[in-house]
Amino acid sequence: MPNPTNAGVTIVRGDITEQDVDAVVNAANSSLLGGGGVDGAIHRKGGGDILAECRELRSSSHPDGLPTGQAVATTAGRLPARRVIHTVGPVWAKSEDRSELLASCYRESLRVARESGARTVAFPAISTGVYGWPLDDGARIAVATVREEADDFDEVRFVLFDERSYEIFAAELSGR
Ligand code: AR6
């Protein structure tokens, strides 16, 4: 059932690496070995333990990389969060509707969060940076998907890095 009241769904303007929550979600790529944007910031600030665990996951459960739309958890190293959940967003494509893959990132991240006992989770705006997803559509998918799952958590927080993405997510959450 969708959660029409946004109970437990919050929004802040800020940096995902500074969130003191049970789990922060990383907008990773399928290599799990780091990159730019959110991914770069998480590995830089979190330190080498996260990368070491990612390498282990690659050699054990995901030798071909993590498929788009899926999620895995690691330690959070030096970050204030307890866990990092790495998910791989779809690259935006005009010729193909990949919305279900983007929704899957939010859904699967929350499934992994739930399995690891997390009560508070923070998300960046997956795929809306390097992967080129239009912000308004990315916000619509993010909010709709998280609302369906938020009852299982004390808080699911959207962390938006810049004013424009904050405004777009805020408008989506308030139904404007
Ligand atoms: N905290 C919160 N949001 C941030 C931060 C931060 N520290 N830094 C950037 N953003 P992106 P993607 C915003 O590019 O589109 C990487 O190289 C940013 O403004 O991080 O899913 C990976 O390795 C944007 O709105 O992720 C992949 O190869 C949003 O976070 C690829 O980028 C997502 O931007 C993934 O691309």
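Helices (H or I, at least four residues) and strands (E, at least two) are DSSP runs, numbered from the N terminus.

**Ground rules.** I am working on a predicted model, where local features need pLDDT of at least 70, side-chain atom pairs count only at pLDDT 80 or more, and totals for chains, interfaces and linings use all residues. Residue numbers start from 1 along each chain as its sequence is written.

**Overall look.** I found 5 helices and 6 strands in the protein. Reading from the N terminus, I get the order β-β-α-α-β-β-α-β-α-β-α. The C-alpha trace spans about 45 × 40 × 30 Å along its principal axes. I then checked the radius of gyration, taken over C-alpha atoms, against the globule rule of 2.2 Å times the number of residues to the power 0.38. For 176 residues a compact globule would come out near 16 Å, and the protein has 15 Å, which agrees.

I also looked at sequence separation: of the contacts between residues at least 6 apart in sequence, 73% join residues at least 24 apart. For burial I count a residue as buried if 20 or more other C-beta atoms lie within 10 Å of its own, exposed if 12 or fewer, and partly exposed in between, with C-beta atoms placed from the backbone. On that count 44% of the 176 residues are buried.

**Helix 1.** I looked at residues 37-46 and found V38, D39, I42, H43 and G46 buried. Down the axis of helix 1 these residues fall within an arc of 125°, so they line one face of the helix. The arc is that of the directions from the helix axis to the C-beta atoms. On the face turned away from the buried side I see the exposed residues G40 and R44. The buried residues of helix 1 pack against strand 2 (23-28), helix 2 (48-59) and strand 4 (83-88). Helix 1 is followed by G47, which has a positive phi near 90°.

**Helix 5.** Here, in residues 163-173, I list S165, I168, F169 and E172 as buried. They cover an arc of only 95° around the axis, which puts them on the same side of helix 5. Their packing partners are strand 1 (9-13), helix 4 (135-149) and strand 6 (155-160). Just after helix 5, G175 has a positive phi of about 75°.

**Helix pairs.** Two packed helices are described by the angle between their axes and the distance between the axes. My axes are lines fitted to C-alpha atoms, for helices over the stretch in contact, and angles run from 0 to 180 degrees between N-to-C directions. Angles under 35 degrees count as roughly parallel, over 145 as roughly antiparallel, 65 to 115 as roughly perpendicular and the rest as oblique.

Helix 3 (residues 99-115) packs on helix 4 at an angle of about 40°, with the axes 9 Å apart. That makes helix 3 oblique to helix 4. I see S99, L102, A103, Y106, R107 and L110 of helix 3 meeting G138, I141, A142, T145, V146 and E149 of helix 4.

Next I took helix 4 and helix 5, whose axes come within 9 Å and cross at roughly 45°. That makes helix 4 oblique to helix 5. The contact is made by L135, D136, A139, R140 and V143 of helix 4 with S165, I168, F169, E172 and L173 of helix 5. The crossing of helix 4 and helix 5 is right-handed.

**Loops and phi.** L32 has phi near 65° and sits in the loop between strand 2 and helix 1. With 24 C-beta neighbours inside 10 Å, L32 counts as buried. S127 has phi near 70° and lies in the loop between strand 5 (120-123) and helix 4. S127 also counts as buried, with 27 C-beta neighbours inside 10 Å.

**V91.** Buried or exposed, or in between? I make V91 partly exposed, with 14 other C-beta atoms within 10 Å. V91 lies in the loop between strand 4 and helix 3. Neighbours within four places in sequence aside, V91 is in contact with Y131 and G132.

Definitions and conventions:
Contact = placed C-beta atoms within 7 Å. Left-handed = near helix turned anticlockwise from the far one by under 90°.
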